[in-house]
Amino acid sequence: MSTIKTRAFTHICAAVAALVVLLPGCIKNDIPYPRIAQRILAIAAEGESKSAYIDSLAFEVNIYLEETTDIRNVRFTEYSISPDAVSDPDLRDGVYDLSSPLFVTLSLYQDYTWEIIAHQDIERYFKVSGEIGESVVDAAACRVVVNLPEGTDLSKLTLESVKLGPVGITTISPELRPGPLDLSHPLKVEVTAHGRTETWTIYAQLSETLANTTAVDAWSRVIWAYGTGQSELENGFEYRRADSAEWTRVPAEYVSGSQGIFSCYIPHLEPLTEYCVRAYSGDNFANEVRVTTDATADIPDGTFDQWSQTSAGMWNPWSSEGTRFWDTGNRGSWTAKINLTSPSDHTSDGTGKAAKCETLFIGLGPIGRLGSGSIFTGEYLRTEIPNGVLGFGRPWKLRPTKLKGYYQYSAAEINTVSSEFSDIKGQPDTCHIYVALTDWTAPFEIRTKPSDRSLFDKNAGYIIAYGELQFSGKMDAYRPFEIKLDYRSTSRVPTYMQITCSASKYGDYFTGGSGSVLYVDEFSFDYDY
């Protein structure tokens, strides 16, 4: 190299070196920190009535406490969060007041705020002979209102029973016992539980209305009605079509209730028809309420006849030009060129197709994972290797009473288990078919990755109605089934419907028996009782 070139090269290297020294002081680091949501993975508290529900999408935990638990002094017995995250506060230490929502911040690169909500149902009542409906017990305002017929002598009442706080730990002063009761003036009592005392006021008010139709909920072929009346009288309901003048009395076996508050269901009605409903108490008839029943609808492709196949050979439960209502986990298993769910000519009536769901171990030797064949209403969203992410649910607004269909199952021995289910290894596998109506605002995201798990919970607050079928064993032929939907409210209108059929009940936990096979066919809804 010439002297001139050597000097030039030396000057360039020196300049670069100087620039490198100066750059750290003026270069901005534009590489962002990763955004990884930090999650509560497990949580439990002393005095729970059932397991907590963790909603990883809403960053919310719902805790359910026994009525005798002191909600203002709750100690957590289990608290697990994402690895490396920092929790403020750390729920593993101390006691917490859950009478209002508790906010917890999980931090790793960014902050994620979780809301912990405690639910505690404390049964409270105040029962007086001859009252209309039930006494109104307002725990927030610390008062009781007793409704009685016009003309009742309020100084000569009879108290039947009272409970104003948690069982076994509540005292009332002055003591209230069944027997004579004077409510001609408001009665004040001191109610004490968990070392805290509240002053309650008990009132009586007179009413000319001896019967009241309080609510009527119309489904497709069933109406639910609610009313109040005098506890000593015969209470019930009558109904008629709006275009008819003739009232029909609801049979006593359809009516239930206690004291002066009662309800009924009215089956065998016509869809899209207007009806009138009224309560009665003795000879007193309540206000009429007009409602119109809903329509009925079939489950899209409940026959499982529509299928298509990709050019590579993966099966989808919809026709090539049809609407997608059902989906499977095949997009996940197809990474190994395996269809866990496929169409079958083995059907319940010898025609069309059925869905065959099979559990298989996908891998070689000890390397791999168990895959449970399933078909569900919703969509397979993506694969986060090796875990699938699903979008559960399809829009639905009707309220059926039963899911009906046919199934056949052959259980293999459970030979693959996760740590949560090590005790069931060697037992026969179990299939699972369930139906749920929910009030989701969007499809519910299912994630099976253990460190970021979000699974369907039949006890969650978003459930309006739920029913399930489980079977462990082997069948020689199809069997018909009916799954009754258990409604938690007759007035809530669903927004989504979820049906899931799985060859292995614990497939979400990669637990089951390789070789278990479930066939399902001819699904439909019933709208009557």
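Contact here means heavy atoms within 4.5 Å. I am working on a predicted model, where local features need pLDDT of at least 70, side-chain atom pairs count only at pLDDT 80 or more, and totals for chains, interfaces and linings use all residues. Residues are numbered from 1 along each chain as its sequence is written, and side-chain values use heavy atoms, with hydrogens and water left out.

**Entry: Gln 230**

I found Gln 230 in the loop between S18 and strand S19 (235-241); strands are DSSP runs of E, at least two residues, numbered from the N terminus. Gln 230 is buried, with a relative accessible area of 15% (buried means under 20%, with a 1.4 Å probe and protein chains only). I then looked up its contacts, leaving aside neighbours within four places in sequence; among them are Gly 130, Pro 149, Leu 210 and Ser 281.

**Entry: S17 and S18**

Strand S18 (residues 223-228) runs antiparallel to strand S17 (residues 212-218), and 6 bridges join them (strands pair if DSSP finds at least two bridges between them). A hairpin of 4 residues joins S17 to S18.

**Entry: second largest pocket**

A pocket is an open set of 1 Å grid points, over the protein atoms alone, where a 1.4 Å probe fits, with protein on both sides within 12 Å along at least five of seven lines; lining residues have an atom within 4 Å of a point. I noted about 430 Å³ of space in the second largest pocket, the volume being the space filled by probe spheres set on the points. It has 20 lining residues, and Arg 72, Ile 122, Arg 124, Arg 196 and Glu 198 are the closest to its centre. Strands S15 (187-193) and S16 (196-207) each supply at least two residues of the lining.

Notes. Buried < 20%, exposed > 50% of the residue type's maximum accessible area, 1.4 Å probe, protein only.
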